[in-house]
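Welcome! Here is a short tour of some side chains to look for as you turn the model around.

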Amino acid sequence: MTYKTILLHMADPRRARRLLEAAVPLARLMDAHLSALCVKPPFVVVPAVDGAGTTMTVDEHRIAYQAEVKKLKEIFEAATRGQQLKLEWREDDAGFVNVSETVIEHGRTSDLIVVSQADPTWSYTNFIEEPDR
């Protein structure tokens with residue numbers, strides 16, 4: 001079996017290099033298109049307690065995660081620099097859905113989706129790592 005399109009879900013800069021160590025050689029071996037995807041976490045909606053108040057939307061974690069996105073892109077570019085591969089960097093926003101749905105949407109046209117295992121010690125685990133569970 002050959003893979004022509006590989007989607008790599010990159011979420012955690014601490015583990016990104018390990019994922020790339022698996023995905024890049026596989027993409028090279030299969031002459032596959034390698035797309036790295038980073039998804040901004042969803043908003044957190046806090047409903048009014050009494051049912052009559054105002055619902056609140058929280059996005060501080062989304063703003064903070066932008067620094068992680070920048071790091072992930074730099075890691076991807078460094079790991080693939082000089083490689084004779086078909087490469088693509090993608091960023092998407094989960095908005096009000098979970099990250100899993102966003103990764104699956106991107107993965108529908110891929111032959112293989114590469115994700116890491118969830119890390120319960122990572123501060124963004126609850127927002128980002130549903131696809132990794």
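This is a predicted model: local features need pLDDT of at least 70, side-chain atom pairs count only at pLDDT 80 or more; totals for chains, interfaces and linings use all residues.

**Aromatic pairs**

- The model holds two aromatic pairs. A pair of aromatic rings is described by the distance of the centres and the angle of the planes.
- Phe 43 and Phe 96 make a stacked pair, with 4.7 Å from centre to centre and 25° between the planes. This pair links distant parts of the chain, 53 residues apart: Phe 43 lies in the loop between β2 (33–40) and β3 (44–46), and Phe 96 in the loop between β5 (86–93) and α3 (99–107).
- Phe 43 has a relative accessibility of 24%, so it counts as partly exposed.
- Phe 76 and Trp 89 make a tilted pair, at 5.7 Å centre to centre and 40° between the planes. Here too distant parts of the chain are linked, with Phe 76 in helix α2 (residues 60–80) and Trp 89 in strand β5, 13 residues apart.
- Both Phe 76 and Trp 89 are buried.

**Around Arg 62**

- Arg 62 belongs to helix α2. With a relative accessibility of 6%, Arg 62 counts as buried, because buried means under 20%.
- The charged end of Arg 62 sits over the ring of Phe 43, 3.7 Å from the ring centre.
- The side chain of Arg 62 also makes a polar contact of 2.8 Å with the side chain of Asp 93.
- Setting aside neighbours within four places in sequence, Arg 62 is in contact with Lys 40, Pro 41, Pro 42, Phe 43, Asp 93 and Gly 95.

**Helix α3**

- The buried residues in α3 are Val 99, Ser 100, Thr 102, Val 103, His 106 and Gly 107. Viewed down the helix axis, the buried residues of α3 fall within an arc of 165°, so they line one face of the helix.
- An α-helix has 3.6 residues a turn, so residues three or four places apart point the same way.

**A loop residue with a positive phi**

- Asp 31 is found in the loop between α1 (13–30) and β2. Its phi is positive, about 55°, although Asp 31 is not a glycine.
- Asp 31 is partly exposed, with a relative accessible area of 45%.

Methods
Residues are numbered from 1 along each chain as its sequence is written. Side-chain values use heavy atoms; hydrogens and water are left out. Rings of Phe, Tyr and Trp (its six-membered ring) pair if their centres lie within 6.5 Å; planes under 30 degrees apart count as stacked, over 60 as edge-to-face and the rest as tilted. Helices (H or I, at least four residues) and strands (E, at least two) are DSSP runs, numbered from the N terminus. Buried means under 20% relative accessible area, exposed over 50%, partly exposed in between (1.4 Å probe, protein chains only). A charge sits over a ring if NZ of Lys or CZ of Arg is within 6 Å of the ring centre and within 35 degrees of the ring normal. The arc is that of the directions from the helix axis to the C-beta atoms. A polar contact is a pair of N or O atoms within 3.5 Å; within protein, one must be able to donate a hydrogen and the other to accept it, and residues adjacent in sequence count only if both atoms are side-chain atoms. Contact means heavy atoms within 4.5 Å.
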